[in-house]
Amino acid sequence: GAPGVGRMPQAKLVLLGDTGVGKSSLALRFARGQFPTHCETTIGAAFLTQTVKVQGKNIKLDIWDTAGQERYHSLAPMYYRGAQAAIVVYDVNNANTFDRAVSWIDELRQQTTGNILIVLAGNKLDLASEHRAVQTEDARVFAEENGLIFAECSAKSGHAVNEMFMMIAQKMIAKQ
Ligand code: GDP
């Protein structure tokens, strides 16, 4: 390339978690800054990219969304291949989705080699004051014991969504 024009660092980030936990909504909230309409999430954004700036450097995040494939309980190996980071999402108001997140993490560890960065994300925090089913502390302890980054967020309100993606971008830059 031209002098001084380096290739922009790039990181593949995959979203995992049960159907309905808000994976597409989180990706679209981050990439577009909006809570998506029902149609957008039903169609599913299989692939989104977003360039962000951390410490003065641009990094391109390739965000892979399952687009509903998780319904069939197995994802193609290419889904995980080359991923540097994964966000495993559960719904803080649905304990079953937390158990499923734990199995997604196991699968991820089997399907990927090396040190993939895993974020455990409890979504739909906006509903938690009335409907919470997974305690913050329980999830936090699980994350700590398993070397995961932990966050609670809301794609609907936007709470902690950018911070979560930016933290991943920062860690990716630090590794490159
Ligand atoms: P996916 O199947 O994991 O990709 O989930 P979607 O992104 O399609 O979201 C499933 C449903 O949950 C949709 O009706 C979303 O509008 C809703 N949803 C997603 N995130 C949130 C959130 O943070 N709060 C609330 N209240 N609803 C959400």
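This is a predicted model: local features need pLDDT of at least 70, side-chain atom pairs count only at pLDDT 80 or more; totals for chains, interfaces and linings use all residues.
Start with the ligand. A shell of 17 residues surrounds it, and Gly20, Lys23, Ser24, Ser25 and Asp126 are the closest of these. Sorted by class, the shell holds eight polar residues, five charged ones and four nonpolar ones. Helix α1 supplies three residues, the largest share of that shell.

At Gly20, a polar backbone atom sits 2.8 Å from an oxygen atom of the ligand. Lys156 also takes part through its backbone, with an N or O atom 3.1 Å from a ligand oxygen. Asn123, on the other hand, uses its side chain: a polar atom there is 3.2 Å from a nitrogen atom of the ligand. As for cover, the ligand on its own has 580 Å² of accessible area, and the protein covers 81% of that.

Now back to α1, which spans residues 23–32 and packs against α7, residues 161–175. In general, a pair of packed helices is described by the angle between the two axes and by how far apart those axes are. Here the angle comes out at about 80°, and the axes are 9 Å apart. Angles of 65 to 115 degrees count as roughly perpendicular, so that is how α1 and α7 are set relative to each other.

Which residues in α1 and α7 meet? On the α1 side they are Leu26, Ala27, Arg29 and Phe30, and on the α7 side Val161, Asn162, Met164 and Phe165. By class, this contact is made of six nonpolar residues, one polar residue and one charged residue.

Technical notes:
Residues are numbered from 1 along each chain as its sequence is written. Side-chain values use heavy atoms; hydrogens and water are left out. Axes are lines fitted to C-alpha atoms, for helices over the stretch in contact, and angles run from 0 to 180 degrees between N-to-C directions. Helices (H or I, at least four residues) and strands (E, at least two) are DSSP runs, numbered from the N terminus. Angles under 35 degrees count as roughly parallel, over 145 as roughly antiparallel, 65 to 115 as roughly perpendicular and the rest as oblique. Contact means heavy atoms within 4.5 Å. Ala, Val, Leu, Ile, Met, Phe, Trp, Tyr, Cys and Pro count as nonpolar, Asp, Glu, Lys and Arg as charged, and the others, Gly among them, as polar. A residue is near a molecule or strand if one of its heavy atoms lies within 4 Å of it. A polar contact is a pair of N or O atoms within 3.5 Å; within protein, one must be able to donate a hydrogen and the other to accept it, and residues adjacent in sequence count only if both atoms are side-chain atoms. Accessible areas come from the Shrake-Rupley method with a 1.4 Å probe; for residues, only the protein chains shown count as cover.
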